Amino acid sequence: MEITIENSWKEVLSEEFKKSYFKNLTDFVKKEYATHQCFPKGSEIFAAFNACPFSDVKVVIIGQDPYHGQNQANGLCFSVHDGIPHPPSLINIFKEITVDMGVSYPKSGDLTRWAEQGVLLLNATLTVRAHEAGSHQQKGWEIFTDEVIKIISAQKHHVVFMLWGGFAKNKIRLIDTNKHCILSTGHPSPLSANRGYWFGNQHFSKANLYLERNGIKKINW
């Protein structure tokens with residue numbers, strides 16, 4: 001697995017890439033991609049980092065696993081390639097934005113447009129075997145992405161962390177809550193959203209308000 005990752009991330013994560021767990025993870029991922037269909041494609045494994053340099057990070061959204069359906073995953077959590085039907089969680093995210101921000105529902109489910117404004121769309125696990133949810137969990141990715149969160153917390157100020165659902169909420173232990181904004185709510189999946197744990201959270205307007213109050217340009221959601 002060749003690590004093609006944006007230079008500022010390469011610098012802040014250089015020590016992680018040298019550690020034995022990451023070398024083992026690299027060997028595992030290479031073997032999986034050589035012997036099974038896996039997502040996202042190799043060049044997109046670090047897409048969340050490449051689209052959003054470390055210096056630009058304003059907001060962190062934490063997902064769990066890449067989509068495991070054909071042509072869905074593009075390396076950004078909750079995001080899909082252009083032309084792909086929007087998965088249920090993404091539909092609910094967009095529905096909340098239309099109400100919260102008073103904008104129309106977007107045609108494209110590709111969230112690169114957010115990433116390029118400073119939104120790190122970080123899955124805890126960056127790869128998955130096709131049609132096998134969770135198949136690359138507990139192989140080392142979580143160690144790596146937890147370290148990413150810790151480094152952002154330690155080295156930056158006034159970052160908005162959006163923690164959706166129990167898995168993401170657990171990451172609060174990695175974040176200095178005294179110098180960052182934590183927005184926490186239920187997961188946008190239908191199971192959670194339909195029980196009243198998602199809609200009305202106003203996370204997108206709240207994030208922009210926090211950014212603006214701290215002299216940081218808001219996100220065009």
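Predicted model: local features only at pLDDT ≥ 70, side-chain atom pairs only at ≥ 80, totals over all residues.
User: Why is cysteine 77 called buried?

Analyst: Cysteine 77 has a relative accessible area of 0%, and buried means under 20%, with exposed over 50% and partly exposed in between (1.4 Å probe, protein chains only). Residues are numbered from 1 along each chain as its sequence is written, and side-chain values use heavy atoms, leaving out hydrogens and water.

User: And what makes cysteine 181 count as buried?

Analyst: Cysteine 181 sits at 12% relative accessibility, so it counts as buried too.

User: How do you know how many disulfides the structure holds?

Analyst: A disulfide is a pair of cysteine sulfur atoms within 2.5 Å, and the structure holds 0 of them. For cysteine 77, the nearest cysteine sulfur belongs to cysteine 52, 11 Å away. For cysteine 181, the closest cysteine sulfur is also in cysteine 52, at 16 Å, which is too far for a bond.

User: What puts the buried residues of H10 on the same side?

Analyst: The buried residues of helix H10 (residues 203-213) are His203, Phe204, Ala207, Asn208, Tyr210 and Leu211. They cover an arc of only 160° around the axis, so they lie on the same side of H10. The arc is that of the directions from the helix axis to the C-beta atoms. Helices here are DSSP runs (H or I, at least four residues), as are strands (E, at least two), numbered from the N terminus.

User: Which elements do those buried residues pack against?

Analyst: The partners are E2, helix H5 (88-101), helix H6 (112-115), strand E5 (160-164) and strand E6 (181-185), where contact means heavy atoms within 4.5 Å.

User: What makes a space a cavity and not a pocket?

Analyst: On a 1 Å grid over the protein atoms alone, a cavity is a set of points where a 1.4 Å probe fits but cannot get out; a pocket is an open set with protein on both sides within 12 Å along at least five of seven lines. Lining residues have an atom within 4 Å of a point. A volume is the space filled by probe spheres set on the points, with grid points joined across faces, edges and corners. The count comes to 1 cavity of 30 Å³ or more, and the largest pocket holds about 370 Å³.

User: Which residues line the largest cavity?

Analyst: Pro40, Ile45, Pro66, Ala73, Gly75, Asn123 and Leu126.
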